[in-house]
Amino acid sequence: MAAWTQDRINLLKRLWPEGRSAETIALELGGGLTRNAVLGKVARLGLSEGRTGARTRREAAHRVAPDGVATILSVRRTDCRWPYGEPGDAAFSLCGRPSERGAFCAAHAAIAYRPAPLSVEGLMRLAGVTP
């Protein structure tokens with residue numbers, strides 16, 4: 001079966017301007033087409049111009065939900081990457097608040113980065129007892 005039949009191309013030309021994602025279109029077209037196959041065909045057909053529901057790449061990359069939850073595609077290097085849920089689940093997301101320490105915001109850094117426990121010698125020095 002050919003990946004791009006005329007029926008599939010016509011359906012792509014109808015769905016893409018509606019603002020649907022490439023992944024959603026690939027699922028609707030079926031037959032093993034991938035998101036990347038859809039994006040490649042969109043580029044070859046020149047369909048990206050004038051798309052009504054489309055966001056610019058910059059807008060999509062900086063999108064953060066009002067409650068501070070970002071997606072793996074929208075999180076930036078300066079955003080907290082504390083995970084919520086399991087990576088394979090549809091509801092998987094990341095914190096997305098500004099990072100304060102390493103890859104996490106202040107609240108998540110307090111959980112992620114714990115000081116190393118003191119050794120016996122360190123505890124004795126802290127207590128003022130010399131070995």
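This is a predicted model: local features need pLDDT of at least 70, side-chain atom pairs count only at pLDDT 80 or more; totals for chains, interfaces and linings use all residues.

Residues are numbered from 1 along each chain as its sequence is written, and side-chain values use heavy atoms, with hydrogens and water left out.

**Exercise 1.** State how many helices and strands the protein chain has, and give their order.

*Solution.* Step 1: helices (H or I, at least four residues) and strands (E, at least two) are DSSP runs, numbered from the N terminus. Step 2: the protein chain has 6 helices and 2 strands. Step 3: from the N terminus on, the order is α-α-α-α-β-β-α-α.

**Exercise 2.** Describe how helix H2 and helix H3 pack.

*Solution.* Step 1: two packed helices are described by the angle between their axes and the distance between the axes. Axes are lines fitted to C-alpha atoms, for helices over the stretch in contact, and angles run from 0 to 180 degrees between N-to-C directions.

Step 1: for H2 (residues 22-29) and H3 (residues 35-45), the angle is about 105 degrees and the axes are 8 Å apart. H2 and H3 are therefore roughly perpendicular to each other; angles under 35 degrees count as roughly parallel, over 145 as roughly antiparallel, 65 to 115 as roughly perpendicular and the rest as oblique.

Step 2: in contact (heavy atoms within 4.5 Å) are Ala 22, Glu 23, Ile 25, Ala 26 and Leu 29 of H2 with Arg 35, Val 38 and Leu 39 of H3.

**Exercise 3.** Determine which residues of H2 are buried and which are exposed on the other side.

*Solution.* Step 1: buried means under 20% relative accessible area, exposed over 50%, and partly exposed in between (1.4 Å probe, protein chains only).

Step 1: Ala 22, Ile 25, Ala 26 and Leu 29 are the buried residues of H2. Viewed down the axis of H2, they fall within an arc of 100 degrees, so they line one face of the helix; the arc is that of the directions from the helix axis to the C-beta atoms. An α-helix has 3.6 residues a turn, so residues three or four places apart point the same way.

Step 2: Glu 23 and Leu 27 are exposed on the other side of H2. The cover over the buried residues of H2 includes helix H1 (6-15) and H3.
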